[in-house]
Amino acid sequence: MPLQETNTIDLLSDFETFLTAHLPDAPSFHPSYNQALKEMFKAGGKRFRPLMLLQIVETYEPLLLKNAYWVAAAVEMLHTYSLIHDDLPTFDDSDLRRGHPTLHVTYDEVTATLVGDALNSHSFLMIADAPLSDSVKVALIKELSLNGGTDGMVLGQAIDCYFEDKKLSLDELTFLHIHKTAKLIAASLKMGAIIVDLDKEQQNLLYKIGLNIGLLFQVQDDIIDATLTTDEAGKPTNHDSSKNSFTNLLGVAAAQTEKEKLKTEIETQLSKLDDALQNRLQSSINKYFK
């Protein structure tokens, strides 16, 4: 197994141990709330956003890696809240996520909604508790809130839902998914850069790379929805016929072409980074976007 792949596996394993040990805990006489808080994390996940953040930290400041786990966990918690809400009946009404029943199916819609709300709030508590300087934590909280909230992921979700039965142009669809999907991935990269104190130019470059990775992520997800079975994908597929997706707008073949174009553009952007980080991120992209 190549050294970079081994390092990535070890990094994800260590992070998973940390995440499991630091899941929110709220014991009470409620019969299921505390269990529901943890359930979607135990169902697994790619942990792609934490990996992007942690690889930057490990490349430049390995002594800060364990401190950065708190921030990576915050990003994963915010991401998981968005998935829980996205699966609700008021949104996509999905009954499967990560090969596991969604929370509103296992429990009820109210519990799922409140767990999502709790994870949203808890993500910022994780950053506040991180063993990092106050100035760094303020910058990280600002970055996560900017990209996960009003003008970021939430705006993308609002556009996605409002225009579900109305065909968007390619520019509009790209705007939608830059906000709904790409901005949180871009924030993950930039937050790693903030932790290791890279200069503003490098931070902005990593953010731009993250936006393209996010679009690549969405194009691939749309292709998976159009071409794989529910069992293969671990979530419901072939249910986006009325939604604005790259495959519905362009067709599967053209979406595949768009995917390759994005991969090429990302490679060009990565070439502007230090060799160590370029190779590390390229290896992960090659693994996740085959």
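This report describes helix packing and selected residues in a predicted model.

The model is predicted: local features need pLDDT of at least 70, side-chain atom pairs count only at pLDDT 80 or more, and totals for chains, interfaces and linings use all residues. Residues are numbered from 1 along each chain as its sequence is written, and side-chain values use heavy atoms, with hydrogens and water left out.

**Helix pairs**

Helices (H or I, at least four residues) and strands (E, at least two) are DSSP runs, numbered from the N terminus. Axes are lines fitted to C-alpha atoms, for helices over the stretch in contact, and angles run from 0 to 180 degrees between N-to-C directions.

| Helix pair | Axis separation | Angle |
|---|---|---|
| helix 3 (residues 48–60) and helix 14 (residues 275–288) | within 9 Å | roughly 160 degrees |
| helix 4 (residues 65–86) and helix 9 (residues 170–195) | 10 Å | about 170 degrees |
| helix 10 and helix 13 (residues 252–270) | within 9 Å | roughly 160 degrees |

The axes of helix 3 and helix 14 cross at roughly 160 degrees, which makes helix 3 roughly antiparallel to helix 14. Angles under 35 degrees count as roughly parallel, over 145 as roughly antiparallel, 65 to 115 as roughly perpendicular and the rest as oblique. The crossing of helix 3 and helix 14 is right-handed; a crossing is left-handed if the near helix is turned anticlockwise from the far one by less than a right angle, and right-handed if clockwise. Contact means heavy atoms within 4.5 Å. On the helix 3 side, the residues that meet helix 14 are F48, L51, M52, Q55, I56, E58, T59 and Y60, and their partners in helix 14 are A276, L277, R280, L281, S284 and Y288. By class, this contact of helix 3 with helix 14 has 9 nonpolar, 3 polar and 2 charged residues. Here Ala, Val, Leu, Ile, Met, Phe, Trp, Tyr, Cys and Pro count as nonpolar, Asp, Glu, Lys and Arg as charged, and the others, Gly among them, as polar.

Helix 4 and helix 9 pack at an angle of about 170 degrees, which makes helix 4 roughly antiparallel to helix 9. From helix 4, A68, V71, V75, L78, H79 and D86 meet K180, L184, S188, M191 and I195 of helix 9. The contact of helix 4 with helix 9 has 7 nonpolar, 2 polar and 2 charged residues.

Helix 10 and helix 13 cross at roughly 160 degrees and are therefore roughly antiparallel to each other. Their crossing is left-handed. Residues of helix 10 in the contact include L205, I209, L215, L216 and I223, and those of helix 13 include V252, E258, L262, I266 and L270. The residues of the contact of helix 10 with helix 13 divide into 13 nonpolar, 5 polar and 5 charged.

**L215 in helix 10**

L215 is found in helix 10 (residues 200–227). With a relative accessible area of 9%, L215 is buried; buried means under 20% relative accessible area, exposed over 50%, and partly exposed in between (1.4 Å probe, protein chains only). Leaving aside neighbours within four places in sequence, L215 is in contact with T174, H177, I178, A182, F246 and L262.

K243 is found in the loop between helix 11 (230–233) and helix 12 (246–250). At 13% relative accessibility, K243 counts as buried. Its side chain makes a polar contact with the side chain of D92 at 3.0 Å. A polar contact is a pair of N or O atoms within 3.5 Å; within protein, one must be able to donate a hydrogen and the other to accept it, and residues adjacent in sequence count only if both atoms are side-chain atoms. Beyond the neighbours within four places in sequence, K243 is in contact with D92, D160, E164, K180 and N248.

C161 lies in helix 8 (residues 153–162) and is partly exposed, with a relative accessible area of 30%. The C-alpha atoms of C161 and K243 are separated by 8.7 Å, although the two residues are 82 residues apart along the chain.

D93, in the loop between helix 4 and strand 1 (96–97), has a phi near 50 degrees, a positive value in a residue other than glycine. R98 lies in the loop between strand 1 and strand 2 (100–101) and has a positive phi of about 55 degrees although it is not a glycine. R98 is partly exposed, with a relative accessible area of 22%.

D108 is found in the loop between helix 5 (103–106) and helix 6 (109–129), and at 34% relative accessibility D108 counts as partly exposed. The side chain of D108 reaches the backbone nitrogen of V110 at 3.1 Å. A polar atom of the D108 side chain also lies 2.7 Å from the backbone nitrogen of T111.
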